[in-house]
Amino acid sequence: MTSPAGDQQRPTLFSPYKMGRFQLSHRVVLAPMTRCRALNGIPQAANVEYYVQRATQGGFLITEGTLVSPTAGGFPHCPGIYTQEQVDAWKKVVDAVHAKGSIIFCQLWHVGRASNEVYQPGGSPPISSTDKPISGRWKILMPDGTYGRYPSPQRLSTEEIPEIVGHYRQAAINAIKAGFDGIEIHGAHGYLIDQFLKDGINDRTDSYGGSLTNRTRFLYEITRSVSTAIGIDRVGVRISPAIDHLEAHDSDPLALGKAVIQRLNSLQQDLNGRLAYLHVTQPRYTAYGQTEAGPLGSADEVSRLMKALREGYDGTFICSGGYTRELGMEATANGEADLVSYGRLFISNPDLVARFKVNADLNRYIRKTFYTQDPVVGFTDYPFMGQAQVRSRM
């Protein structure tokens with residue numbers, strides 16, 4: 001039985017934490033979330049306000065998915081970081097967040113086949129590991145607010161893949177130029193990297209398909225290239241082996257997760273350093289009929305997977321996926337994670353850290369305003385403690 005003194009020594013969400021070169025004052029992380037407010041791919045003044053509202057002294061923020069190239073998009077008005085204008089606009093966000101004492105990483109994103117010709121240069125088909133489209137069971141948000149189909153993608157040839165790796169590398173360099181403290185590689189949720197990782201999508205017969213070693217090669221090459229460009233301790237990786245979002249199924253999520261970890265641990269040894277963190281999303285949410293446990297079949301299996309990944313990875317471990325204050329406190333106290341990232345709760349509670357500290361009531365999020373282009377409604381108008389409750393004008 002643990003003694004009271006031992007209980008006092010167990011970390012909480014509000015305990016400081018040293019994440020490599022970065023000293024954090026608490027363990028509540030802003031998760032990366034698509035918000036669709038960067039008009040024409042360029043962050044606006046509203047983006048500055050949004051991130052500043054959620055910044056705290058010694059806090060850690062991860063931006064929404066940020067496109068690494070013109071072919072990377074699949075939502076309206078998502079920011080990019082492949083032009084100088086985008087870099088300059090992001091610098092305003094970063095400078096304002098740093099002025100509040102926060103650390104901020106830029107999540108690098110390519111949606112792969114989760115796109116439509118309307119988002120692609122010249123109306124070309126989107127690229128992927130495969131030429132299989134996402135089925136009609138799923139719909140894509142179009143620029144006019146309607147929902148459309150996912151078309152058949154173009155399968156990347158072996159010779160084309162190094163160019164995509166190069167896009168991630170340059171985007172990481174651009175992020176550092178904008179002042180970001182580091183970057184997160186989005187390897188989760190059915191987007192391009194996940195389309196290589198999952199055997200339910202990846203049907204390749206070349207050196208990027210088939211075995212776990214081959215399916216994890218694309219992520220490994222991106223992570224290595226980015227790490228050698230900006231420093232491995234400025235790079236985080238996000239994965240979701242047990243989530244089947246956008247039909248990203250895998251026949252053995254545990255084996256896949258372990259294979260990714262083996263790759264990342266090996267890279268850390270090769271480069272004689274540690275990645276900033278590994279960020280794993282577990283399936284606590286439901287979408288399009290997905291069960292809470294996802295493809296693993298039960299919550300116990302999800303728990304075993306997360307425990308195995310936590311124990312296998314050599315470095316800082318961030319968990320996400322439907323965590324409440326109580327679940328986050330349990331995760332940090334029990335050693336299940338070093339940090340916990342929050343998405344929807346952070347959308348509707350810009351002062352989430354302060355509310356968590358005093359266990360205050362939380363604002364309810366308004367789902368229908370998640371992906372609109374309004375610079376205020378559902379974006380920067382959620383109240384802080386003591387202010388009147390927001391009312392949707394949509």
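Visitor: Why is Asn-359 called partly exposed?

Guide: The relative accessibility of Asn-359 is 47%, and with a 1.4 Å probe and protein chains only, buried means under 20% relative accessible area, exposed means over 50%, and partly exposed is what lies in between. Asn-359 therefore counts as partly exposed. This is a predicted model, in which local features need pLDDT of at least 70 and side-chain atom pairs count only at pLDDT 80 or more, while totals for chains, interfaces and linings use all residues. Residues are numbered from 1 along each chain as its sequence is written, and side-chain values use heavy atoms, with hydrogens and water left out.

Visitor: Where does Asn-359 lie, and what is its phi?

Guide: Asn-359 lies in the segment after α12 (352-358), where helices (H or I, at least four residues) and strands (E, at least two) are DSSP runs numbered from the N terminus. The phi of Asn-359 is near 55°, a positive value in a residue other than glycine. Most residues other than glycine have a negative phi.

Visitor: What makes Glu-247 count as buried, and where is Glu-247 placed?

Guide: Glu-247 has a relative accessibility of 14%, so it counts as buried. Glu-247 is placed in the loop between β11 (235-239) and α8, and its phi, near 60°, is also a positive value in a residue other than glycine.

Visitor: Which residues of α9 are buried, and how do you know whether they line one face?

Guide: Val-302, Leu-305, Met-306 and Leu-309 are the buried residues of α9. Seen down the axis of α9, these buried residues fall within an arc of 95°, so they line one face of the helix, the arc being that of the directions from the helix axis to the C-beta atoms. The face turned away from the buried side carries the exposed residues Asp-300, Arg-304, Lys-307 and Glu-311, whereas the cover over the buried residues of α9 includes α8, β12 (277-281) and β13 (317-320).

Visitor: How many residues does α8 have, and how far does it reach?

Guide: With 19 residues, α8 reaches 27 Å from its first C-alpha to its last, close to the 27 Å expected at 1.5 Å a residue. Its buried residues, among them Leu-256, Gly-257 and Val-260, pack against α5, α6 (212-215), α7 (217-230), β11, β12 and α9. After α8 comes Asn-272, whose phi is positive, near 55°.

Visitor: What makes a space in the model a cavity, and how many are counted?

Guide: On a 1 Å grid over the protein atoms alone, a cavity is a set of points where a 1.4 Å probe fits but cannot get out, and its lining residues have an atom within 4 Å of a point. The count comes to one cavity of 30 Å³ or more. The largest cavity holds about 40 Å³ of space, a volume being the space filled by probe spheres set on grid points that are joined across faces, edges and corners.

Visitor: Which residues line the largest cavity?

Guide: The lining is made by Asp-194, Leu-197, Lys-198, Ile-239, Ser-240, Pro-241, Leu-256, Gly-257 and Val-260. Helices α5 (192-197) and α8 (253-271) each supply at least two of the lining residues, and α8 gives the largest share, three residues.

Visitor: Why is Phe-370 called buried, and which residues is it in contact with?

Guide: Phe-370 counts as buried because its relative accessibility is 5%. Phe-370 is found in the segment after α12, and, leaving aside neighbours within four places in sequence, it is in contact with Thr-34, Arg-35, Arg-37, Arg-344, Ile-347 and Tyr-365, where contact means heavy atoms within 4.5 Å.

Visitor: What makes Ile-127 count as buried?

Guide: Ile-127, found in strand β6 (residues 127-128), has a relative accessibility of 11% and so counts as buried. The C-alpha atoms of Ile-127 and Ala-72 are separated by 8.7 Å, although these residues are 55 residues apart along the chain.

Terms used: 1 Å grid on protein atoms, 1.4 Å probe; cavity = no way out; pocket = protein on both sides within 12 Å on 5 of 7 lines; lining within 4 Å. Expected span 1.5 Å × (residues − 1).
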